[in-house]
Amino acid sequence: MTKTMSRATRRASQSVTIQTVAERAGVSAMTVSNVLNNRHNVRATTREAVIAAARELGYMPNLAARSLASAATIRIGLFSRNLDSGFLSSILSGALEETSESGAQLVMRRFEAPKLDELIASAEALRATGIGAIISPPPYCELISDHCAPGAFPLPLVAISPGDELPGIPGVRIDDRAAAREMTAYLISLGHTRIGFIRIGSRLHADKTRYEGYRDALTNAGIIAQPEMVASANLTYESGLAAANELLAISPRPTAIFASNDEIAAAIVSVAHRMGIDIPGQLSVAGFDDGPLALKIWPTLTTIRQPVTQIAAMAARRAIGIVTSGEVDPQVTYLDHQLIIRESTARPGE
């Protein structure tokens, strides 16, 4: 009986993550990590709230793994953009979850713009403080890959969700080209033939792979790609507004628009509402990522779900493995994407 109950308790605790505890306590995932790692930069009332939430949820980090890792003083770094977004929040949550479970330390460095000399200088400074590896999403991992020979960067690097495989650099990602192909094929299956596409800027590898997936699906369906049906943005909602206005000014306009991320898709929805265009009756809209924004807009967004939290956690795990083993395996790990169908898409004219 006792063994059965202990197994059930372990299963329940394993389904609770650091993000779950953070939401229960009303704090950030970073704060939960600080409490669990007994750091002193947390107010007493906040610490008590986190401990109470962890106790209520039955959250029990893997103390054995933590003890083993702590003995080796494993420290890894995270390069990220200096802005808030659902994508980056998911990365932080996954990385913190894994490092907390393993007893490793995560040190974050934020950057305003992708500049190689700043990345190199930061990596050198981190190496001097005992950091053993870096995990990073685009554009930083891609910039390093494009301009540094394999092994030339000051620290081993693991790429988080790069838009394509990076030579000599281990990474964890989905197949962006296949995901974009699947979304475009879905829109075609609804009866759409005038499908607009918004790219995300040439400096990102996903700009190429997601566009290729869009073109693949059109070609497979015998639909001729039209250059005027493609616009560009730069990942932000604001740039998406301009791209949406550009595509919706075409005559005849698209009956569907596939955006390369959810922020841009939300901008399309906003512009369509202002123009009196019914979604999905007169225009279907699809996105990419499936962050929190996808459920906050109306109508809710059809999108590609990439498991960013799990990708970041696995990238952190691989970085910890590099530090402990001293070996870098450049293999790329692929996780599955998922087509999520919601209210923003329908057959043309419905």
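Author: Buried means under 20% relative accessible area. Keep that cut-off in mind for this predicted model.

Reader: Why does Tyr140 count as buried?

Author: Tyr140 has 1% relative accessibility. The cut-off is under 20%, so Tyr140 counts as buried.

Reader: What makes Phe111 buried or exposed?

Author: Its relative accessibility is 7%. That value is set against the limit of under 20%. Phe111 therefore counts as buried.

Reader: How many aromatic pairs does the structure hold?

Author: It holds 6 aromatic pairs. Phe111 and Tyr140 are one of them, with ring centres 5.5 Å apart and planes at 50°.

Reader: Why is the pair of Phe111 and Tyr140 called tilted?

Author: Rings pair if their centres lie within 6.5 Å, and these centres are 5.5 Å apart. Planes under 30 degrees apart count as stacked, over 60 as edge-to-face and the rest as tilted. The planes here are at 50°, so the pair is tilted.

Reader: Which parts of the chain does this pair link?

Author: The pair links distant parts. Phe111 lies in strand E2 (residues 105–111) and Tyr140 in helix H8 (residues 140–147), 29 residues apart.

Reader: What makes Phe197 and Tyr211 a tilted pair?

Author: The rings are 6.0 Å centre to centre, with 40° between the planes. Phe197 sits in strand E6 (residues 195–199) and Tyr211 in helix H10 (residues 205–220). Both Phe197 and Tyr211 are buried. Ring pairs also link these two with Tyr214 and Phe258 into a cluster.

Reader: How do you know which side of H2 the buried residues are on?

Author: In helix H2 (residues 18–25), the buried residues are Ile18, Val21, Ala22 and Ala25. They cover an arc of only 100° around the axis, which puts them on the same side of H2. They pack against helix H3 (29–36), helix H4 (44–57) and helix H6 (86–102). Just after H2, Gly26 takes a positive phi of about 75°.

Reader: Why are H3 and H4 called roughly perpendicular?

Author: Their axes come within 10 Å and cross at roughly 90°. Angles of 65 to 115 degrees count as roughly perpendicular, so H3 and H4 are roughly perpendicular to each other.

Reader: Which residues meet where H3 and H4 are in contact?

Author: Thr31, Val32 and Val35 in H3 meet Thr46, Arg47, Val50 and Ile51 in H4. The residues of this contact divide into 4 nonpolar, 2 polar and 1 charged.

Conventions
Residues are numbered from 1 along each chain as its sequence is written. This is a predicted model: local features need pLDDT of at least 70, side-chain atom pairs count only at pLDDT 80 or more; totals for chains, interfaces and linings use all residues. Side-chain values use heavy atoms; hydrogens and water are left out. Buried means under 20% relative accessible area, exposed over 50%, partly exposed in between (1.4 Å probe, protein chains only). Helices (H or I, at least four residues) and strands (E, at least two) are DSSP runs, numbered from the N terminus. The arc is that of the directions from the helix axis to the C-beta atoms. Contact means heavy atoms within 4.5 Å. Axes are lines fitted to C-alpha atoms, for helices over the stretch in contact, and angles run from 0 to 180 degrees between N-to-C directions. Angles under 35 degrees count as roughly parallel, over 145 as roughly antiparallel, 65 to 115 as roughly perpendicular and the rest as oblique. Ala, Val, Leu, Ile, Met, Phe, Trp, Tyr, Cys and Pro count as nonpolar, Asp, Glu, Lys and Arg as charged, and the others, Gly among them, as polar.
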